[in-house]
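Hi there,

Here is the structure I promised to pass on to you. Have a look at it first, and then read my notes below.

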Amino acid sequence: MSRFALNKIPWTFLIVSLASLAVQIGCVLHGSWRDLLVYDRGAIAHGEWWRIWTGHLVHFGWPHFIADAGLFFILGWLLEPPHPALSRFALVVMPVVISGSLFFFDPAMTRYGGLSAVNLGLLVFLACDGWRKNWVDWFWPSVLAIYLAEIVLETTYGRGHGGGMIRFDDPAVQVATAAHIPGAIFGVLLSFGTRRHRTGPKSAPAPAAPNPR
């Protein structure tokens, strides 16, 4: 494999996807893995801080994992090669923002798992970034609109039926719309932050040298 091809592989996203796969296999083989790693409000309040990150690697069944991890890795192909540092920053900070928002603003949510909110944040960033480059290009906004429509459908149709179109292995689990909101906001802020960095103050042109006489 050429060096060029290796540079195109989203290694950070691949590692996170493989970690989520390992967690999913572990949860299937040993149900205690989920109890140890999932976002659990009470456990976090008692100092189990790792759940802020690991909760996003936990999925409630294979359909949930395949949908989330599959989209996550696709987004990695689009995001990490052109934005390696930003990708790593987002994957470290965004889970904290999402989990922190749930902890402080949605005390009724005692458990949460999955990459869907992270996926939405990345999608929002890509949509804003693509739209900013070409305002008549509706590709990314259309993708984002489809994803948001899916969330609305999951929330309405899935009410009382687990995940709706995606069946969770725990019927008590519902689509966590409250987790998607901070993910989307993070994506917008990330886009504005990169825009400001790219269009920062420009250095003034050097004065022209006087013409010899």
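**Two helices side by side**

Helices H2 and H7 are roughly parallel to each other, because an angle under 35 degrees counts as roughly parallel and their axes cross at roughly 30°. Please keep in mind that this is a predicted model. Two packed helices are described by the angle between their axes and the distance between the axes. Here, the axes of H2 (residues 11-29) and H7 (residues 84-105) come within 9 Å.

Which residues make the contact? From H2 they are Thr-12, Phe-13 and Val-16, and from H7 they are Ser-87, Arg-88 and Leu-91. Sorted by class, three of the contact residues are nonpolar, two are polar and one is charged.

**Salt bridges**

Side chains of opposite charge can pair when their charged atoms come close. How many salt bridges are there in this model? The count comes to three. One of them joins the side chains of Arg-34 and Asp-169, at 2.8 Å from N to O. This pair links distant parts of the chain, with the two residues 135 residues apart. Arg-34 is in helix H3 (residues 32-37), while Asp-169 is in the loop between helix H9 (139-157) and helix H10 (177-198).

Enjoy exploring!

Methods
Residues are numbered from 1 along each chain as its sequence is written. This is a predicted model: local features need pLDDT of at least 70, side-chain atom pairs count only at pLDDT 80 or more; totals for chains, interfaces and linings use all residues. Side-chain values use heavy atoms; hydrogens and water are left out. Axes are lines fitted to C-alpha atoms, for helices over the stretch in contact, and angles run from 0 to 180 degrees between N-to-C directions. Helices (H or I, at least four residues) and strands (E, at least two) are DSSP runs, numbered from the N terminus. Angles under 35 degrees count as roughly parallel, over 145 as roughly antiparallel, 65 to 115 as roughly perpendicular and the rest as oblique. Contact means heavy atoms within 4.5 Å. Ala, Val, Leu, Ile, Met, Phe, Trp, Tyr, Cys and Pro count as nonpolar, Asp, Glu, Lys and Arg as charged, and the others, Gly among them, as polar. A salt bridge is a side-chain nitrogen of Lys or Arg within 4 Å of a carboxyl oxygen of Asp or Glu.
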